[in-house]
Amino acid sequence: DSSTIGTTEGEELTVEESLYALLLESANECGNGLAEHVAGSIDAFVEMMNEKAAELGCTNTHFTNPHGLTDEDHYTTAYDIALMMQAAMEHELFQTIITSPNYVIPATNLSEERTVRNTNALTSNWTYTGYLYRRGTGGKTGSTDEAGKCLVETAKDGDTYLISVILGSGPVTDANGEERQGQFYETIRLLDWGFDNFRRVTLAPEGTLVAKVKV
């Protein structure tokens, strides 16, 4: 029941093609292939993942695989995912991929040309309609029976930049009594709340003397 793009043994894709397949359609086999390409083996790459998570300050995360399928020792938190997303968004290629509605993978040695689609409804109408979000700057979906529907999303309005993480979601009912996809609907509500209730202010320009205190 894993998510794939239907690659077959011996098929060759570039790293960039594999990243598009992984980030747009959650192609688990491309996650494995990238892991082996980068580290020589899946186990070695998982070690790198855990080292990077610790470096980012993720104190409640432990990986056992590069694709996210269920394992009792594979876990994380909303806060840690936000830290990972913040780090990932520093890479221009990552930003380009997650904001692409679709991507055409050229014919390979074993397959005809194929198109992969973005499963994030805040970016693309491919999976669900009615959730496009103008302030969204890209995100990543994920779901298993155990984890529910999940979405990490980034958004920007003026000089305010937010990261939202929804985990363990399912269908929800909106104010009109209509059933909505919770991971998308609640993400939009959460981001709108953030933009409506917080703003960036300058307390004092750098170098300005604010006050003198007698010691």
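1. Let's start with a term: a disulfide is a pair of cysteine sulfur atoms within 2.5 Å. This structure has zero of them. Take Cys150: its sulfur is 16 Å from the closest cysteine sulfur, in Cys58, so that is too far for a bond. Cys150 is also buried, at 15% relative accessibility, and Cys30 is buried at 5%. (Buried means under 20% relative accessible area, exposed over 50%, and partly exposed in between, with a 1.4 Å probe and protein chains only.)

2. Before going on, some ground rules. You're looking at a predicted model, where local features need pLDDT of at least 70, side-chain atom pairs count only at pLDDT 80 or more, and totals for chains, interfaces and linings use all residues. Residues are numbered from 1 along each chain as its sequence is written, and side-chain values use heavy atoms, with hydrogens and water left out.

3. Now find helix α1, residues 15-25. (Helices, H or I with at least four residues, and strands, E with at least two, are DSSP runs numbered from the N terminus.) Its buried residues are Glu17, Ser18, Tyr20, Ala21, Leu23 and Leu24. They pack against α2 (28-39), α5 (92-98), β1 (102-105), β2 (114-117) and β3 (136-144). Just past the helix, Ser26 has a positive phi of about 55°.

4. On to the inside. A nonpolar core is a set of buried Ala, Val, Leu, Ile, Met, Phe, Trp, Tyr and Cys residues joined through side-chain atoms within 4.5 Å. The largest one has 20 residues, and Ile5 and Phe94 have the most contacts inside it. At least two residues of this core come from each of α1, α4 (78-88), α5 and β1. Leaving aside residues up to four places away in sequence, Phe94 touches Leu23, Met85, Ala88 and Met89 (contact means heavy atoms within 4.5 Å). A second, separate core has 13 residues, including Leu122, Tyr185, Ile188 and Leu191.

5. What about the rings? Phe, Tyr and Trp rings (for Trp, the six-membered one) pair if their centres lie within 6.5 Å; planes under 30 degrees apart are stacked, over 60 edge-to-face, and the rest tilted. The whole structure has four aromatic pairs. Tyr128 and Phe184 make a tilted one, 5.8 Å centre to centre with 55° between the planes. Tyr128 sits in the loop between β2 and β3 and Phe184 in helix α6 (residues 182-197), so the pair ties together parts 56 residues apart in sequence. Tyr128 is partly exposed at 29% relative accessibility, while Phe184 is buried at 1%.
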